[in-house]
Amino acid sequence: MRGRIILALAITAGVTAFVGVQFFRAADATLSATRGNACRSLEPAALPDRFKDGQPPPFDLPDANGRRWTLEQLRGRPVLLNFWATWCPPCVEEMPALESLARKLGDRAVVLAVSTDDDWAKVKHFFRKGTALSVVLDASAEVPKKFGTEKYPETFLIGADGKIAHYIVNKRKWDAPQAVECLLGLQ
């Protein structure tokens with residue numbers, strides 16, 4: 001009798017473990033599909049041919065405090081790299097949604113806004129109340145040229161692995177839940 005109870009418990013434990021593993025596999029697949037759909041809902045454009053390998057061009061740009069920012073330093077976290085300017089109406093319209101996204105993501109991802117304004121005075125005036133974004137300045141506009149950016153705003157979503165995953169032309173509703181899911185899916 002005792003042997004049958006032990007056998008029954010062993011079978012129950014085995015079945016429970018098997019069902020648990022299957023459940024977590026399905027949950028992981030569902031989460032991956034949900035995050036993939038979230039990125040598709042942002043309507044990314046096809047990656048330009050120069051980025052088929054996913055490697056973004058390197059850059060080194062300062063923030064308002066003089067800290068230097070590179071993509072290499074950000075490896076390990078997803079990055080939303082946005083090219084914009086204060087003189088660009090769609091960029092200005094998009095900024096509140098990008099700020100909201102940055103607050104929602106916290107330190108799980110980086111929202112890096114590359115301004116191509118002439119100087120920090122314009123950028124600081126634009127963000128006179130502060131910002132949740134990480135903002136750097138490229139007054140020469142050389143970095144957007146390296147990325148082939150011709151229209152603003154343009155955004156590159158870069159995975160934690162440092163590779164470009166998505167390319168987005170024009171403004172988006174970055175404060176939508178899908179944007180958070182998309183970026184977190186790039187971990």
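Helix H1 spans residues 2–41 and contains Ile5; helices here are DSSP runs of H or I with at least four residues, strands are E runs of at least two, and both are numbered from the N terminus. The model is predicted, so local features need pLDDT of at least 70 and side-chain atom pairs count only at pLDDT 80 or more, while totals for chains, interfaces and linings use all residues. Residues are numbered from 1 along each chain as its sequence is written, and side-chain values use heavy atoms, with hydrogens and water left out.

Ile5 is partly exposed, at a relative accessible area of 47%. On this scale buried means under 20%, exposed means over 50%, and partly exposed lies in between (1.4 Å probe, protein chains only). Together with Met1 and Leu9, Ile5 forms a nonpolar surface patch of about 380 Å² accessible area. Areas come from the Shrake-Rupley method with a 1.4 Å probe, and for residues only the protein chains shown count as cover.

The backbone comes next. Most residues other than glycine have a negative phi, and most peptide bonds are trans. Glu43, in the loop between H1 and strand E1 (61–62), has a positive phi of about 55° and is exposed at 59%. Ala141, in the loop between strand E5 (134–137) and H5, has phi near 60° but is buried at 18%. The peptide bond from Tyr152 to Pro153 is cis, with omega near -5°; Pro153 lies in the loop between helix H5 (142–147) and strand E6 (154–158).

Technical notes: Patch = residues over 30% accessible without salt bridge, like charges linked within 9 Å, V, L, I, M, F, W, Y side chains within 5 Å. Salt bridge = Lys/Arg side-chain N within 4 Å of Asp/Glu carboxyl O.
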